[in-house]
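Please walk me through the side-chain interactions of this structure, stating the cut-offs behind each term as it comes up.

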Amino acid sequence: QVQLVESGGGLVQAGGSLRLSCTASGRIFSINAMGWYRQAPGNQRELVATITSGGGTHVVDSVKGRFTISRDNAKNTVYLQMSSLKPEDTAVYYCNADVKTAYYNALDNYWGQGTQVTVSS
């Protein structure tokens, strides 16, 4: 089995910064895409950013220029650097990864448990 564990959330004032981390562990052969999603109260979970194993990134327009996604393949870890935070960025942030647990297995998709980010005005 594979576990994704996020860390780095917290309370920050508007304009501040936070860095989220997510580390995958368990039975891992390889990890393809990794990403961050968020869900605010009353809203659906939405994509924030993704990164391929080769480092190609996609960041949604609402956070472009403020959030940066990166990863360390040797550590099976993905990061989300968040700057110029706004109250509307308040949400639970979830890590997501496409993982192969063995050479002959298909990709499976995994989620972390989420980490709360609260931005005060």
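**A walk through the side chains**

Met82 lies in strand β8, where strands (E, at least two residues) and helices (H or I, at least four residues) are DSSP runs numbered from the N terminus. This is a predicted model, in which local features need pLDDT of at least 70 and side-chain atom pairs count only at pLDDT 80 or more, while totals for chains, interfaces and linings use all residues. Residues are numbered from 1 along each chain as its sequence is written, and side-chain values use heavy atoms, with hydrogens and water left out.

Met82 is buried, with a relative accessible area of 0%; here buried means under 20% relative accessible area, exposed means over 50%, and partly exposed covers what lies in between, with a 1.4 Å probe and protein chains only. Leaving aside neighbours within four places in sequence, Met82 is in contact with Gly16, Ser17, Leu18, Leu20, Arg66, Phe67, Tyr93 and Val117, contact being defined as heavy atoms within 4.5 Å. Met82 and Thr68 are 6.6 Å apart in space, C-alpha to C-alpha, and 14 residues apart in sequence.

The link of Cys22 and Cys95 is left-handed, with -80° about the S-S bond. Because Cys22 lies in strand β3 (residues 18-26) and Cys95 in strand β9, the pair ties together parts that are 73 residues apart in sequence. Cys22 is buried, with a relative accessible area of 0%, and Cys95 also counts as buried, at 0% relative accessibility.

The structure holds 3 aromatic pairs, where rings of Phe, Tyr and Trp (its six-membered ring) pair if their centres lie within 6.5 Å, and planes under 30 degrees apart count as stacked, over 60 as edge-to-face and the rest as tilted. The rings of Tyr37 and Trp111 have their centres 4.9 Å apart and their planes at 65°, so this pair is edge-to-face. Since Tyr37 lies in strand β4 (residues 30-39) and Trp111 in strand β10 (residues 108-111), the pair ties together parts that are 74 residues apart in sequence. Tyr37 is partly exposed, with a relative accessible area of 22%, and Trp111 is partly exposed as well, with a value of 37%.

Trp111 has a further partner in Tyr94, and this aromatic pair is edge-to-face too, with 6.5 Å centre to centre and 85° between the planes. The pair links distant parts of the chain, with Tyr94 in strand β9 (residues 91-100) and Trp111 in strand β10, 17 residues apart. Tyr94 is buried, with a relative accessible area of 13%. Tyr37, Tyr94 and Trp111 form one aromatic cluster.

Two other rings have a charge over the face, a term that requires NZ of Lys or CZ of Arg within 6 Å of the ring centre and within 35 degrees of the ring normal. Arg19 lies over the face of Tyr79, at 4.0 Å from the ring centre, and Lys100 lies over the face of Tyr103, at 5.5 Å from the ring centre.

A search of the whole structure finds 4 salt bridges, each being a side-chain nitrogen of Lys or Arg within 4 Å of a carboxyl oxygen of Asp or Glu. Arg38 forms one of them with Glu46, the closest N and O atoms being 2.8 Å apart; Glu46 counts as partly exposed, at 37% relative accessibility, whereas Arg38 is buried, with a relative accessible area of 7%. Arg38 also forms a salt bridge with Asp89, for which the closest N and O atoms are 3.0 Å apart. Arg38 lies in strand β4 and Asp89 in the loop between β8 (77-82) and β9, so the pair ties together parts that are 51 residues apart in sequence, and both Arg38 and Asp89 are buried. Salt bridges that share partners join Arg38, Glu46, Arg66 and Asp89 into one network. Lys64 forms a salt bridge with Asp61, the closest N and O atoms being 3.2 Å apart, and there both Lys64 and Asp61 are exposed.

Terms used:
Disulfide = S-S within 2.5 Å.
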